[in-house]
Amino acid sequence: MPSADTVAREDLTLFLNAAYACTGQREFYHTAEDQRVSVQFLHAYILGNYRRLYARTLAAGVNDFNAAEIILNLLRTGRQTPPDFRAEENALLTAALRRLPPQRGWKLLSRLRQERVNNRRTRALLRAYIAGQRDLTFQAVKYRRHVRAAALHAHLTLPGELPAFLFGQHSRAFLTPLLETFRQARYSGQAVYDLPFTVAQGLAAKHGIPQAVFLSRIEPRLTERERLRLQGQSEGRVELRPERLSLSALCLYVLSLPLHERQARQEELNGWLSRAAGALLARAPLPLPPGPVASLLDNSASAAGSREKRRRPLALALAADALLRAARPEGSYQAFWTRPPPEALLVQARGQTNLSERLLDALDWGARMVLVVSDGVENDPPGAFHPALVAARRLVPGLEVVHVNPVFDAEMLTVRALSPLLPAVGLRSAEDLPTALGFARFAAGQASLTELENYLAGRVQTFLLTGGRRAEA
Amino acid sequence: MLRLEGLTPAPAQVRGAFRLVPLLRTRPCDDVRLSPGVMAAGVKVVALPDQAHYVAFVPHALRLDWSSSGAPLMALGTQLAGPQHSSSPQPWRGLELVDRMRKRESAGLRFLPLHLALEGLLALHFAPPRVAWKELSHDFLRAGLGFRAESGVPGSLLPGFEDALNTFEVHEGQVGLLVFTGDQLASAFVVPSAQDYRRLHRTVLEDLYGELVLRYAVLYPEPPPLEAAPRFEAARTLPELRAALMGVRREWASFVEGAMLTDLLRRPLLTEPVYQAGPLRLERFVTDLDPRQINHVGERLTRPDGELLYLKTFQLSAAQTRRAYLLHQLAGYGWHLADAAEGLGTTVPDLVARIEKAGFGYLLTQAVRETAAKARRLR
């Protein structure tokens, strides 16, 4: 029978893996509903059994969806916090909430109101969040409904003209310029262009402004994500600034282009990718051993993702390829796609998953470390990876294999592993790859529970010190 | 005998109750093409050459193009096909009266998948009596077999089938698919080229399946794992390991042909040619109708050298097998009941009971049926 420590370690790695990969959205093999039910069960289970560790996972680089769930769950059950842990939990909550992107942060506050989670700590957290906003007026315009909900929920008196803006009739002119613009935009088509894009969009529709005119005039106000979103429909009116995009977003964009365009713009796109990869590496280097490194990248049909996460697994594979290419000197890195494209940029999600064959190719090439990026569903032939890995470890001494998996398997409650000897590590975006590689040894079961606890405690230190900014491994 | 000539099974992909085995073509085929034909789905009345009609739900049609000289019908990336008859509702009008199920169009042949075979099941095993035996009813002698119906289950009703097809990872050179439920072959589908297959992959969902398929899909939601157990322990070097992996693939292929397809391959077939498309033969077939085994009807297109270009099968239910078998035997004995009973190793009263049970009682006169019933009672 496994000891309590082993069980705790396994539970926790299971949960962390889920919290790295799952976003509650539809995947290739499972519906959104499956995903949601499954991940909520995990949250409830870990919260009930390991409250301290559960709170500390906030510092371990879990994705935003799960961070929001954890915050909500902790606030919901505040009464169960042990007294000696209260200070740390509060600090973690504050930092984690501040780290969330604004749309997720505000939505979370709204949810607190919907679910009637209201206690002293929740109100204090809300106050701190609102006080910490750099430009509350802007946020109030952009997330009006959520900000109003939050203010009501915490009985807050907001500064300046915000109460009149959020709760009033807008019959008199505002002194604050942005609020006044918003008021005017209800009547004038001109003022629309001075508002944030998402707000302006609705008003433009109300004024009947044609899409083409609207896009070309709102362009300077667009955020980078909005630019990315509008690329396809803008017919070149919106310009993309690739240097400001994260590597994952860039890869998703590149893969959304048709093949002939990728071919024609090869040089430009490759330049973007390697620059983004370089920038990411400068912030957080990959913990890689010396020696030849190979990557085993899955571009089978299932890498196409789902309607909600279109091509995300494939984009992660492409991002991992770009990162490793930038991290390793020429000749010490080689990529092995399951269905090799003529050029990494031209990769497509097609065909079956023949990972075992590519593993042998990588070993033939002389790899000592292999990074597998795959959803872990292997079907050509099924179940061959495990024995191939066992044999390969025997034949190639010192072989190190790490499997990162972008897809949460709702049925198995974890990311699917290719072999029982090689537990997978969940991964949502390429920016978390350094964290994932750091975490891989816990997933592999080489470390004890104490080590994992120390690792988490260490992460908490850095997390709180950096004030919740993205902490890297 | 049916053989998967020119095809290699690849490892199966399992999802829900369905085990889907991809078939890969050994030698690419570029002079025959099969494409989704132009025919709106719906209930159609089909006229057979012998004045008979049948009404059927027609999910879609296939269009066969072939080059008589053997020259490729397509260049890489483009397709040389006849003009598209996309919208014009040409050969039938009114209540969608389809004059024939297979119709030679200007360039190719249009036919309805599985209806060649089902038409065969309904009509092929029935040869009308040449002698007007007094046992046979007047209606039978005057009007023939009359109304007959066979039913199947549309693929979209099979629980989990759509899901299994959607998440199936189509292989590079895949030209066919074997569908298993409860480890019984539910249907086989093969087309000439991989490009055609990509376009036709989802039509498998619209096809017809035997009722046993539905039962197995519900009863066995998870087929037992059937993994190609590799023996990699013996490998001493990397090339040996690779050889072992290739061995697993080969073993899988022979396992599928040897053990999983026993009720389709290596069995005597009753075939009937349907169409001669250039050098190619389009035929329908039914396995030997052995009531102890699961039988399949199907249609296939073969080259003169035996390469299988097109195949579609339908799993018969036990009742369907019994009906077809009975009609086949009766026709074989010229509808002479005493001969047939002797040939089948039974007695006339029992044979009459069997005919009645199969739903063909109306073919015999009332007097014969009553006499037989009386004889059975007296025993």
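In which loop of chain B is Trp335(B) found? Before I answer, a word on what we are looking at: this is a predicted model, in which local features need pLDDT of at least 70 and side-chain atom pairs count only at pLDDT 80 or more, while totals for chains, interfaces and linings use all residues. Residues are numbered from 1 along each chain as its sequence is written, chains are lettered from A and ligands numbered from 1 in the order in which they are written, and side-chain values use heavy atoms, with hydrogens and water left out.

Trp335(B) lies in the loop between helix 7 (318–332) and helix 8 (337–343) of chain B, where helices (H or I, at least four residues) and strands (E, at least two) are DSSP runs numbered from the N terminus. Although Trp335(B) is not a glycine, its phi is positive, at about 60°, and with a relative accessible area of 2% the residue is buried, that is, under 20%, whereas exposed means over 50% and partly exposed in between (1.4 Å probe, protein chains only). Asp183(B), also not a glycine, has a positive phi of about 55°; this residue sits in the loop between strand 12 (174–181) and strand 13 (184–190) of chain B, and at 31% relative accessibility it counts as partly exposed. As background, most residues other than glycine have a negative phi, and most peptide bonds are trans.

That brings me to chain A, where the peptide bond from Asp380(A) to Pro381(A) is cis, with omega near -15°. Pro381(A) belongs to the loop between strand 3 (369–373) and helix 20 of chain A. The side chain of Asp380(A), in turn, meets that of Arg249(B) in a salt bridge, at 3.1 Å from N to O, the rule being a side-chain nitrogen of Lys or Arg within 4 Å of a carboxyl oxygen of Asp or Glu.

Between chain A and chain B the count is 5 salt bridges. The contact, meaning heavy atoms within 4.5 Å, takes 29 residues from chain A and 26 residues from chain B. The two chains bury about 2400 Å² between them, with 55% of it on carbon and sulfur atoms; buried area here is the accessible area (1.4 Å probe) that two parts lose on being put together, summed over both.

Finally, chain A has an open sheet of 5 strands in the order 2-1-3-4-7, with parallel pairing, where two strands pair if DSSP finds at least two bridges between them. Its edge strands, each pairing on one side only, are strand 2 (333–337) and strand 7 (425–426) of chain A.
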